[in-house]
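Subject: Structure handover

Hello,

Please find the structure below, with the sequence alongside. My notes on it follow.

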Amino acid sequence: MENSEGVKIESTVVTEEPLISALDIALFVVIITVAYFWYFKRDKQSSSSEKKPYTIQPSSLSSIEQTSNSSFIKKLKSTGRSLVVFYGSQTGTAEEFAGRIAKEGARYKMKGMVADPEECDMADLVEMKEIQKSLAIFCIATYGEGDPTDNAMDFYEWLQNGDADLEGLNYAVFGLGNKTYEHYNEIAIYIDQRLEELGATRVHEIGLGDDDANIEDDFVSWKEKLWESVCSHYGIEETGEESNIRQYKLVDCSEVLPERIFSGEISRLKSYENQRFPFDVKNPYLSKIAVNRELHKSGDRSCMHIEFDIDGSKMRYDTGDHVAVYPKNSSELVDKIGELLNADLDAVFSLLNTDEESSKKHPFPCPCTYRTALTYYLDITSNPRTHIMKELIEYASDPKDQEKLKLMASSTPEGKKEFHEWILRDNRNIVHILEDLPSVKPDLDHLCELLPRLQCRYYSISSSPKVYPKSIHITAVLVNYTTPTNRVNKGVATNLLAQLIPTNDELPQPTIPIYIRRSQFRLPPKSQTPIIMIGPGTGLAPFRGFIQERDYARKEGREIGELVLYFGCRKKDEDFIYENELQEYVANGTLTKLHLAFSRDQPEKKYVTHLLEQNADELWNIIGEKSGHLYVCGDARSMAKDVHSIIVKVVMEKGQMTNSQALNYVKKMEQQKRYSADVWS
């Protein structure tokens with residue numbers, strides 16, 4: 001190799017000392033890269049800080065704000081307050097009640113504030129005794145099968161697992177529940193008892209509101225007695241009549257740049273244009289409607305099968321979960337309010353909390369137009385509560401209208417009767433009230449403050465992710481009905497969904513915001529476990545997913561247990577939904593038995609409950625002898641209660657037990673998640 005000319009030349013090049021070494025070049029590149037990114041980041045932060053003053057934040061808190069506001073005790077002390085009202089709310093009613101109590105505190109020399117337990121360090125309750133004549137009130141809802149609301153979950157678990165000394169804490173509890181559910185006000189009752197166990201002093205007995213009857217009446221009656229107890233406990237007197245003090249002040253935002261105005265987003269500005277995972281209650285996913293087809297074969301009613309496209313969203317669901325759908329109010333009703341109040345619906349405004357210490361700066365995302373607020377953020381179709389009647393009095397120019405509002409706002413027997421008949425029985429919403437009391441002309445910004453937030457609607461998912469990982473199916477009955485005043489009321493969500501019909505591929509597909517809410521309504525872990533499903537009407541929805549999942553397991557070669565379905569509807573030829581699918585599952589062996597009840601296809605009504613009574617041996621064989629699971633989905637008011645009674649009776653007769661033993665057996669089934677219900681009233 002030494003005689004090779006080529007090798008000699010190569011050797012010469014390698015051994016020659018270069019002007020810039022490879023190491024120098026590498027270091028230079030690193031320095032340039034670091035300098036570039038440092039400058040870019042600084043520039044980006046500077047740009048961000050320049051834009052910050054133009055942004056009016058929505059009502060939700062950032063993580064930084066939550067940290068700074070976590071000590072409600074510091075806030076009470078720094079602002080001279082002695083009353084704090086916590087709320088556990090899933091639909092907004094408990095939060096509304098909490099606000100009304102805090103506002104009334106001023107009448108009793110108790111300056112109050114509303115607090116979300118999710119945003120507070122609830123361990124600070126031990127320090128409430130340091131504030132003279134302090135009081136903590138809890139407005140707590142129970143939802144589902146005795147579950148705490150999402151925002152009260154941490155507080156509930158803290159009470160369960162902790163042993164804080166709450167001596168010196170004065171408290172009262174109002175629960176929001178529904179008597180058609182088995183676990184009526186269970187969370188509020190637990191909190192009331194647990195606070196006492198930890199040494200706190202109950203100032204007033206717990207109030208239990210029943211949403212199946214008249215929860216407004218329950219709340220008002222409890223609230224009046226609450227203040228009597230407060231006066232007695234603290235030795236104070238009422239200072240006088242409550243004044244209608246505004247919680248929010250109007251801010252003119254006509255000069256705000258268009259890109260800084262909310263147009264229907266739930267929390268983050270432009271969140272529908274720039275979608276970010278994860279998707280939840282404050283950050284829903286804008287899903288395309290992939291399928292929207294009619295399930296009823298004939299008749300004057302409509303039931304829709306709708307499929308939401310979640311491909312690419314990273315969203316995951318389990319069989320039995322719920323999907324939340326964010327609706328919007330009809331433009332017809334929104335325009336009517338503008339017409340009745342002679343208001344410019346396209347004016348841009350903001351409502352800013354007059355309490356500078358409040359963590360909730362706005363009642364809904366602001367700034368926005370009145371049209372946006374009435375369309376996306378405010379509930380204009382439900383029956384207004386009595387406090388709204390009270391606030392409207394000052395805007396009535398006709399003495400007769402004034403007197404009517406005063407009567408309905410009062411807690412007298414006559415007032416309650418008038419409110420029940422004119423508002424609840426006749427099913428009047430705010431639009432109807434403004435139409436029927438023409439002299440009532442509230443300021444539109446005040447009306448926006450008074451109306452509750454428009455809530456998302458929950459639907460049982462009627463598909464299995466094993467079979468449909470890229471879509472979510474729901475089964476929804478179109479809600480339309482005529483009121484006693486001959487007005488046609490329409491379901492907000494279902495009537496919107498009915499209009500969202502997919503088009504051909506060349507046009508943009510209709511979309512709607514959604515997110516997934518986890519459920520405890522679950523199939524047994526083992527596919528061999530036998531199950532009975534009872535779901536008349538749209539109660540079939542989650543069971544369609546259950547059957548799909550078991551069919552998927554069967555096709556994979558796994559052993560599956562008995563699958564028995566009880567389904568009922570009015571007429572076989574009209575509203576037997578998913579008939580072909582169910583018959584196919586019977587034919588291939590996935591669905592062991594399909595028990596059908598068509599209530600109006602014969603002279604005498606026939607329901608699924610009649611079939612259950614006839615099949616007592618089959619029921620006991622599965623839930624008693626084979627330790628199978630039983631599921632119920634549908635109407636809580638009558639069907640679910642009747643099913644429960646029948647199951648107890650079957651356990652008594654076939655299991656040879658006393659009534660007490662049978663009740664305990666069924667209770668144990670529920671605790672073991674072998675008896676599950678997904679019901680509504």
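P367 is found in the loop between β12 and β13 (368-369). Helices here are DSSP runs of H or I with at least four residues, strands are runs of E with at least two, and both are numbered from the N terminus. P278 sits in the loop between β8 (248-252) and β9 (285-294).

Before the rest, two notes on the source. This is a predicted model, in which local features need pLDDT of at least 70 and side-chain atom pairs count only at pLDDT 80 or more, while totals for chains, interfaces and linings use all residues. Residues are numbered from 1 along each chain as its sequence is written, and side-chain values use heavy atoms, with hydrogens and water left out.

Backbone

Most residues other than glycine have a negative phi, and most peptide bonds are trans. K109 is not a glycine, yet has a positive phi of about 55 degrees. K109 lies in the loop between α5 (93-104) and β2 (112-115), and counts as exposed because its relative accessibility is 68%. (Buried means under 20% relative accessible area, exposed over 50%, and partly exposed in between, with a 1.4 Å probe and protein chains only.) K673, also not a glycine, has a positive phi near 60 degrees. The place of K673 is the loop between α23 (659-671) and β23 (675-680), and at 44% relative accessibility K673 is partly exposed.

Nonpolar cores

A nonpolar core is taken as a set of buried Ala, Val, Leu, Ile, Met, Phe, Trp, Tyr and Cys residues joined through side-chain atoms within 4.5 Å. The largest one has 41 residues, and F364 and L374 touch the most other members. At least two residues of this core come from each of α9 (331-340), β12 (348-353), α10 (370-377), α11 (386-392), α12 (399-409), α13 (413-425), α14 (430-436) and α15 (444-450). Another core, of 30 residues, lies apart from it and includes I532, L619, A640 and A662. In soluble globular proteins, nonpolar side chains tend to be buried together.

I388 lies in helix α11 and is buried, with a relative accessible area of 2%. I388 and I430 are 42 residues apart in sequence, and their C-alpha atoms are 9.4 Å apart in space.

Salt bridges

How many salt bridges does a search of the whole structure find? The search finds 44, where a salt bridge is a side-chain nitrogen of Lys or Arg within 4 Å of a carboxyl oxygen of Asp or Glu. Three of them are described here.

R487 and D436 form one, with N and O 2.8 Å apart. This pair links distant parts of the chain, 51 residues apart: R487 is in the loop between β16 (480-482) and β17 (488-490), and D436 is in helix α14. R487 is buried, at 16% relative accessible area, whereas D436 is partly exposed, at 29%.

R428 and D426 also meet in a salt bridge, at 3.0 Å from N to O, and both residues are buried. A network of salt bridges links K336, E339, R425, D426, R428, E435, D436 and R487.

E104 pairs with R107, the closest N and O atoms being 4.0 Å apart. E104 is buried at 7% relative accessibility, and R107 is buried at 15%.

Charged surface patches

Patches are made of residues with over 30% relative accessible area and no salt bridge, with like charges joined within 9 Å. Accessible areas come from the Shrake-Rupley method with a 1.4 Å probe, and only the protein chains shown count as cover for residues. Lys and Arg count as positive, Asp and Glu as negative, and His and the chain ends are not counted. The place of a charge is NZ of Lys, CZ of Arg, CG of Asp or CD of Glu.

R570, K571, R600 and K605 form a positive patch. K571 is in the loop between β20 (563-569) and α18 (572-575), and is partly exposed at 32% relative accessibility. E118, D150, D154 and E157 form a negative patch. D150 is in the loop between β4 (147-148) and α6 (153-161), and is partly exposed, with a relative accessible area of 42%.

Regards

Terms used. Patches are made of residues with over 30% relative accessible area and no salt bridge: like charges are joined within 9 Å, nonpolar side chains (Val, Leu, Ile, Met, Phe, Trp, Tyr) within 5 Å.
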